[in-house]
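I opened this notebook to record, entry by entry, what I looked up and what came back. I begin with a term that I need before the first residue.

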Amino acid sequence: MTKVKRYEDLRSHRWLGTTDLRSFGHRARFRQGGFDAPDWQGKPVIGIINTWSDLSFCHTHLRERAEDVKRGVWQAGGFPVELPALSLSEPFVKPTTMLYRNLLAMETEELLRSHPIDGAVLLGGCDKTTPGLILGAISMGVPSIFVPAGPQLNGNWRGQKMGSGSDAWKYWDEKRAGRITEEDWAELEGGIARSFGTCMVMGTAATMMAIAEALGLSLPGSSSIPAADAGHPRMCSNAGRRIVDMVWEDLTPDKILTPKSFDNAIRVHMAMGGSTNAIIHVVAMARRAGLKLDMNRFDELSREIPVLANVRPSGKYLMEDFFYAGGLRGLMNELRSTLDLDCLTVTGKTIGENIEGGKVYLPDVIHPLSDPISTEGATAVLTGNLAPRGCVIKPSAVEKRLLKHRGKVIAFEDYNHMAREVDRDDLDVTADHILVLKNGGPQGGPGMPEWGMLPIPKKLVQQGVRDMVRISDARMSGTSYGACILHVAPESYIGGPLAFVQTGDEIEIDVAARTIHLCVSDEELARRTAAWVKPEPRYVRGYGAIYSDHIGQADDGCDFDFLAPLGPVPEPEIH
Ligand code: FES
């Protein structure tokens with residue numbers, strides 16, 4: 001460790017190290033907590049931002065893991081304090097956790113700023129918690145390590161592996177088609193989520209935890225460790241030990257996050273066959289770090305990097321298998337020739353040093369670059385008159401016949417309209433139709449919910465159809481799959497072209513050419529635009545009103561306009 005900070009340089013010294021009336025009060029309160037001078041004197045204070053809650057079963061273990069982090073902090077000569085933050089439980093928070101990602105980011109930043117904190121350990125993993133915590137830590141700028149909650153164990157139903165989300169969607173369609181019984185379905189409910197930890201498919205959680213590690217913000221190999229593995233608490237105490245040194249080294253996020261580290265993260269995202277949601281979060285994270293990044297970089301790198309991880313929904317296995325196969329270090333070593341190995345990480349070493357010796361033990365789970373599981377790429381960005389600022393599709397999870405397709409539209413004005421119509425026996429629909437859902441964007445949802453995998457109409461499910469083109473300005477769960485075109489920007493609620501699509505129109509998509517075209521004349525589109533009536537704002541008060549006034553579009557990362565700019569925020573005065 002190269003120590004560049006003295007105790008007098010630490011933020012916490014302003015609270016604890018002086019001799020004025022206020023610092024008397026701060027120390028008196030530490031003593032009120034049963035601590036004494038040797039506990040804090042000369043030591044960095046480490047804030048453990050914990051997204052545990054009784055309603056986040058992905059994070060059930062984080063209360064214990066915070067104790068493991070504290071053990072490491074004490075051992076390394078720091079003073080740990082735990083600060084609870086929004087848990088953003090993906091299954092329970094409505095209308096969608098995405099409405100609150102930026103609230104967690106603000107909370108993280110201000111928790112760190114307003115308290116005597118010198119370094120942070122961020123405990124999260126369930127979808128939006130990873131970007132929420134990291135966005136806040138980037139903007140605050142103190143040394144930080146992200147500790148991933150880790151995936152839950154493989155699901156199991158009658159000896160078959162069950163994946164979160166992916167198999168729920170699959171068997172729901174089987175039930176709708178009459179191929180499994182109510183009893184089968186009820187039994188599945190007890191086997192699909194068997195332990196604490198995040199979803200164990202390559203959903204948003206697994207993708208974002210891997211991206212955090214690839215960026216250099218987590219300890220090597222940490223994102224792949226199953227939550228229930230004994231290696232997980234060991235990793236947590238390692239993080240506790242390491243963050244103390246990071247404070248003395250002044251190893252802040254801006255030294256780790258560079259255009260090259262973001263490129264590494266995007267390459268890893270592609271090789272993992274990661275969730276489309278990551279595009280929004282990574283764009284927001286890069287911009288908070290002062291870097292220009294847009295969706296097109298994902299498209300460019302997806303053409304270079306094939307999918308190597310054979311994990312659902314693009315592949316066959318689950319994250320527990322991925323861990324046994326060698327985990328992220330194994331995968332990144334396979335990608336070695338494509339990565340920038342000089343990027344600095346939280347270990348104080350380069351990413352190249354961190355992945356040295358990483359091996360793949362099960363090559364059917366993590367394929368070599370010479371034999372990828374898909375060359376289609378994990379992300380394609382399409383543009384055209386229907387999405388002037390772009391939209392995304394995950395080609396590796398699409399039936400090949402739909403990658404170039406022209407079809408007649410069935411348009412739904414909002415989710416409730418779709419829910420009423422989609423299973424009607426008299427719906428005039430074929431497998432070649434294109435379903436369009438409006439008002440699912442950042443403003444319209446609100447919160448850009450994960451509605452983008454529109455259900456296949458029941459009559460088609462019964463005919464055996466399992467994929468068709470679906471277009472929306474919503475997002476899609478990382479556990480979902482199919483020919484779903486998402487994140488259409490600008491969104492329909494603010495008058496983007498999607499608002500003007502009508503049933504009976506035709507849309508043409510060509511993924512290889514990266515185009516999406518609404519086959520309606522410019523004159524007709526202009527007529528529909530002129531007739532459009534702007535909807536009322538979703539909220540008139542409260543957090544929702546702040547959200548509506550300040551949220552950005554998907555291609556900008558859905559950050560708040562007042563959080564995105566760089567610029568100094570004054571340290572709090574202590575009087
Ligand atoms: Fe928490 Fe999926 S519900 S990660």
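I take buried to mean a relative accessible area under 20%, exposed to mean over 50%, and partly exposed to mean what lies in between. The model I am reading is a predicted one. With that cut-off in hand I looked up serine 374, whose relative accessible area is 13%, and which is therefore buried. I found serine 374 in the loop between α17 and β7 (380-384). Leaving aside residues up to four places away in sequence, I noted that serine 374 touches Pro306, Val307 and Ser396. I also checked serine 374 against threonine 338, which is 36 residues away along the chain, and the separation of their C-alpha atoms came out at 17 Å.

I counted 21 helices and 14 strands in the chain. For 575 residues, a compact globule would have a radius of gyration near 25 Å, and the 24 Å that I read for the chain agrees with this. Along the principal axes, the C-alpha atoms fill a box of roughly 75 × 55 × 45 Å. Of the 575 residues, 60% are buried, while the chain exposes about 21900 Å², with carbon and sulfur atoms supplying 52% of that area. I then looked at contacts between residues at least 6 apart in sequence, and 77% of these join residues at least 24 apart.

How many of the eight residues of α16 are buried? I found six, so this helix is largely enclosed by the rest of the structure. The buried residues of α16 are Gly327, Leu328, Gly330, Leu331, Met332 and Asn333, and they pack against α9 (204-215), α12, α15 (319-324) and α17 (351-355).

I wanted to describe a helix pair, and two packed helices are described by the angle between their axes and the distance between the axes. For α12 (residues 259-272) and α16 (residues 327-334), I read an angle of about 105 degrees, with the axes 11 Å apart. Angles of 65 to 115 degrees count as roughly perpendicular, and α12 and α16 are therefore roughly perpendicular to each other. On the α12 side, the contact is made by Val268, Ala271 and Met272, and on the α16 side by Leu328, Leu331 and Met332. Sorted by class, the contact has six nonpolar residues, with no polar and no charged ones.

I looked up the bond from lysine 94 to proline 95 and found it cis, with omega near 5 degrees; proline 95 lies in the loop between β2 (79-84) and α5 (101-114). The bond joining alanine 489 and proline 490 is also listed here as cis, with omega about -5 degrees, and proline 490 is found in the loop between β12 (484-485) and β13 (506-510).

Aspartate 250 has phi near 55 degrees, a positive value in a residue other than glycine, and its place is in the loop between α10 (231-249) and α11 (253-256). Is aspartate 250 buried or partly exposed? With a relative accessible area of 21%, aspartate 250 is partly exposed. Cysteine 558 has a phi near 55 degrees as well, but I found cysteine 558 in the segment after α21 (542-550), where it is buried with a relative accessible area of 3%.

Asparagine 102 belongs to helix α5 and is buried, with a relative accessible area of 2%. Which residues does asparagine 102 touch, not counting those up to four places away in sequence? I listed Leu135, Ile551, Cys558, Asp559, Phe560 and Leu563. Asparagine 102 and phenylalanine 560 are 458 residues apart along the chain, yet their C-alpha atoms are separated by 7.1 Å.

I found threonine 198 in the loop between α8 (182-189) and α9, and at 0% relative accessibility it counts as buried. Not counting residues up to four places away in sequence, threonine 198 touches several residues, among them Cys58, Cys126, Gln152, Ala205 and Met209.

Technical notes
Residues are numbered from 1 along each chain as its sequence is written. This is a predicted model: local features need pLDDT of at least 70, side-chain atom pairs count only at pLDDT 80 or more; totals for chains, interfaces and linings use all residues. Side-chain values use heavy atoms; hydrogens and water are left out. Axes are lines fitted to C-alpha atoms, for helices over the stretch in contact, and angles run from 0 to 180 degrees between N-to-C directions. Helices (H or I, at least four residues) and strands (E, at least two) are DSSP runs, numbered from the N terminus. Angles under 35 degrees count as roughly parallel, over 145 as roughly antiparallel, 65 to 115 as roughly perpendicular and the rest as oblique. Contact means heavy atoms within 4.5 Å. Ala, Val, Leu, Ile, Met, Phe, Trp, Tyr, Cys and Pro count as nonpolar, Asp, Glu, Lys and Arg as charged, and the others, Gly among them, as polar. The radius of gyration is taken over C-alpha atoms; the globule rule is 2.2 Å times the number of residues to the power 0.38. Buried means under 20% relative accessible area, exposed over 50%, partly exposed in between (1.4 Å probe, protein chains only). Accessible areas come from the Shrake-Rupley method with a 1.4 Å probe; for residues, only the protein chains shown count as cover.
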